[in-house]
Amino acid sequence: MTIINSGMLMVFLLLFIIGTFSLLFSIFYNEQKLELKTLTQQEVEESQTVAPGETKPDNANSANQGMYFNYFLKENGELLVVDEFAPDMREAIIGYAKRWKPNIVEIKYKTIVNQTKSELHLLIAAQNVYHDGQLIGTVYYGKDVSYLWSMFQGLLVVLLGMSVLFLGVAIVTGQFLTRRAMKPILRSYELQRDFLADASHELRTPISILNSGLELIGMEDGDKLSAFSHELLRDLQKEAKSAAKMVGDLLLLARTDSGVQEISMETFDFSVMAGQVIRSIQGFAESQQVRLNLHGQDSIMLHADQERIKQLLYILLDNAVKYSPEQGEITLTVKTTMVDYKPKLCIMVKDTGIGIESADLSQIFHRFYRADKNRSRQSGGTGLGLAIAKWIIDAHRGTIHVESVPGVGSTFTVILPIK
């Protein structure tokens, strides 16, 4: 937000500077052209009264000396100098202008280097002169606008200096506006985070008591319950377990947001852990009539948080089982690979499930987001599993990539540093 605020102020400032400079330049430039055009037209009118072969009278205005030049180039090649401020530049100016013979006043800008190697910036106007319908020569009227050029160069430097100064002001102002705008947002976020953490913590105890009570009822009074009561008891136990899991996930995410939740790094054999996770989830997969496969190396030593990596595997495999149809197949592949010349652990979970629409792929790691809300609810999903998985991967400086085709299946690929 700071960058956006500062950027907007800087854009407006640059637009103002560019607009101001362009407007001033346009006004001065057009004013000089208008003045030069008027002088040229007056000179042409005077020259039209001179018959061919006559000498044009010298009507040089002393007020113009030092800044203007006025040449009358006859058709026979004879040059009449009416006024000039730099005689040493005459040859260069005539060499540039002698092939330029417009019937109406035309004005051009020209830069010429004089004998002292300094640049002269000139505005030159030209127009043919006719007497009784016969071309008798061409008037060249020019003005040295080097002072204007220097003035606008200085103005540009001043405006650029002001832009640098105001850039600092824009950054400071942007930071101030951002902090001011973010205060209520941060306050609301902190209150929401604290409420989430406190509520999750407080709910764990009553939900645990409820779960334990339901299990106790099932063990002691199970024989006395009717078929309907048995079904209701199982539904209540399932909902209690789902609520306990959701509260635990919420508490974990609240701790990660506050920076309290830390990871404990240790070295362990990831291949052994993957085998344990597969065996643990095998019963659940068989109940869903889904086949699990494990492909990988015999031993991969990994330096990471063992419990969090195990939780990551459970989340990915649990989701794959839930969203796979009967007779589906899930393959967990673990191997080492080289990424940027560094050894990495590659974890691939491939299923033959319902797949994910391309529009949902960028959203699935957001909290509480469920692509198929009805199916997720039926399977007990809360929309927090992949958000926790993403946090675990980020905490280990890894990456996750998802490829999915609706109706065909999905492949989750996780890359983690081995050391």
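Buried denotes a relative accessible area under 20%, exposed one over 50%, and partly exposed anything in between (1.4 Å probe, protein chains only).

**Figure 1. Overview of the predicted protein model.** By this criterion, 38% of the 419 residues of the protein count as buried. The secondary structure comprises eight helices and twelve strands, where helices (H or I, at least four residues) and strands (E, at least two) are DSSP runs numbered from the N terminus. Among contacts (heavy atoms within 4.5 Å) with a separation of 6 or more, 66% link residues 24 or more positions apart. The protein exposes about 24,500 Å², of which carbon and sulfur atoms supply 57%; accessible areas come from the Shrake-Rupley method with a 1.4 Å probe, and for residues only the protein chains shown count as cover. This is a predicted model, in which local features need pLDDT of at least 70 and side-chain atom pairs count only at pLDDT 80 or more, while totals for chains, interfaces and linings use all residues. Residues are numbered from 1 along each chain as its sequence is written, and side-chain values use heavy atoms, with hydrogens and water left out.

**Figure 2. The nonpolar patch that includes Met 8.** Ile 4, Met 8, Val 11, Phe 12 and Leu 15 make a nonpolar surface patch of about 530 Å². Patches consist of residues with over 30% relative accessible area and no salt bridge, with like charges joined within 9 Å and nonpolar side chains (Val, Leu, Ile, Met, Phe, Trp, Tyr) within 5 Å; a salt bridge is a side-chain nitrogen of Lys or Arg within 4 Å of a carboxyl oxygen of Asp or Glu. Met 8 belongs to helix α1 (residues 2–47). Its relative accessibility is 45%, so Met 8 counts as partly exposed.

**Figure 3. Strand β1 and its partners β5 and β2.** Seven of the seven residues of β1 are buried. Tyr 68, Asn 70, Phe 72 and Lys 74 point one way from the strand, whereas Phe 69, Tyr 71 and Leu 73 point the other way. Seven bridges connect β1 (residues 68–74) with the antiparallel strand β5 (residues 134–144). Within β5, Gly 137 stands opposite Lys 74 and Val 139 opposite Phe 72. Four bridges join β1 to β2 in the antiparallel sense, and Leu 73 has Leu 79 of β2 as its bridge partner. Four residues separate the strands of this hairpin, in which Gly 77 adopts a positive phi near 95°.

**Figure 4. Strand β8 paired with β6.** Strand β6 (residues 266–269) runs antiparallel to β8, and four bridges join them. Phe 268 has Leu 302 as its bridge partner in β8.

**Figure 5. The mostly covered helix α8.** Eight of the eleven residues of α8 (residues 385–395) are buried, among them Leu 386, Ile 388, Trp 391 and Ile 392. Arg 397, which follows α8, has a positive phi near 60°.

Conventions:
Two strands pair if DSSP finds at least two bridges between them.
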